[in-house]
Amino acid sequence: MLKIIVLIIIGLLPSLWSLWILRKKQRYIRNRNRRIVENYTPIREYIRPIESESDYYYLEGVGYLIGDISCKFNARSGYMRCAVNPSGPCGNCRHYESKEFTNIIS
């Protein structure tokens, strides 16, 4: 009878150990996420439309845009000019590539 009880306990030890490790890891992740949330500074504070009048314009049907719309890399956004040169300026940008506009007229 004692051998059966010892055998059952030995059989349950790996699953209990695994459960203990799993709980420990979950507690670690929960605490880490809590620290991240406590130290999080919203990115929205840093993102704001560019106030420069020279590249900031309104395009009907699209909204406010900045930068040269004819450039292939233009983000078509009021917050960022392009992926290559987000802070600008567009004039004399070495990454400028003209975008091909196609009009289909039937």
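User: How many residues does the protein chain have, and what percentage count as buried?
Analyst: The protein chain has 106 residues, of which 13% count as buried. Please note that this is a predicted model.

User: Which residue is an example of a buried one?
Analyst: Gly-88 is one of them. Its relative accessible area is 16%, and buried means under 20%, so Gly-88 counts as buried.

User: Changing topic: what helices and strands does the protein chain have?
Analyst: There are one helix and two strands in the protein chain. Along the sequence they follow the pattern α-β-β.

User: Where does helix α1 run, and how far apart are its ends?
Analyst: Helix α1 covers residues 2–39, which is 38 residues. Its end C-alpha atoms are 55 Å apart.

User: Where does α1 bend?
Analyst: The bend is at Leu-13 and amounts to about 35°.

User: On to the strands. In which sense do β1 and β2 pair?
Analyst: Strand β1, residues 56–59, and strand β2, residues 63–66, pair in the antiparallel sense over four bridges.

User: Which residues of β2 are opposite Tyr-56 and Tyr-57?
Analyst: Tyr-56 has Ile-66 as its bridge partner, and Tyr-57 stands opposite Leu-65. Ile-66 is also the residue whose C-alpha atom is 9.3 Å from that of Gly-88.

User: What is found between the strands of that hairpin?
Analyst: Three residues stand between β1 and β2, and Gly-61 in this hairpin takes a positive phi near 85°.

User: Which residues line the largest cavity?
Analyst: The lining includes the cysteines Cys-71, Cys-82, Cys-90 and Cys-93. Phe-73 and Tyr-96 also line the cavity, as do Asp-68, Asn-74, Arg-81 and His-95.

User: How does that lining divide into nonpolar, polar and charged residues?
Analyst: Six residues of the lining are nonpolar, two are polar and two are charged. Asp-68 and Arg-81 are the charged residues of the lining, because Asp and Arg count as charged.

Methods
Residues are numbered from 1 along each chain as its sequence is written. This is a predicted model: local features need pLDDT of at least 70, side-chain atom pairs count only at pLDDT 80 or more; totals for chains, interfaces and linings use all residues. Side-chain values use heavy atoms; hydrogens and water are left out. The expected span of a helix is 1.5 Å times one less than its number of residues. The bend at a residue is the angle between axes fitted to the seven residues ending there and the seven starting there. On a 1 Å grid over the protein atoms alone, a cavity is a set of points where a 1.4 Å probe fits but cannot get out, and a pocket is an open set with protein on both sides within 12 Å along at least five of seven lines; lining residues have an atom within 4 Å of a point. Two strands pair if DSSP finds at least two bridges between them. Buried means under 20% relative accessible area, exposed over 50%, partly exposed in between (1.4 Å probe, protein chains only).
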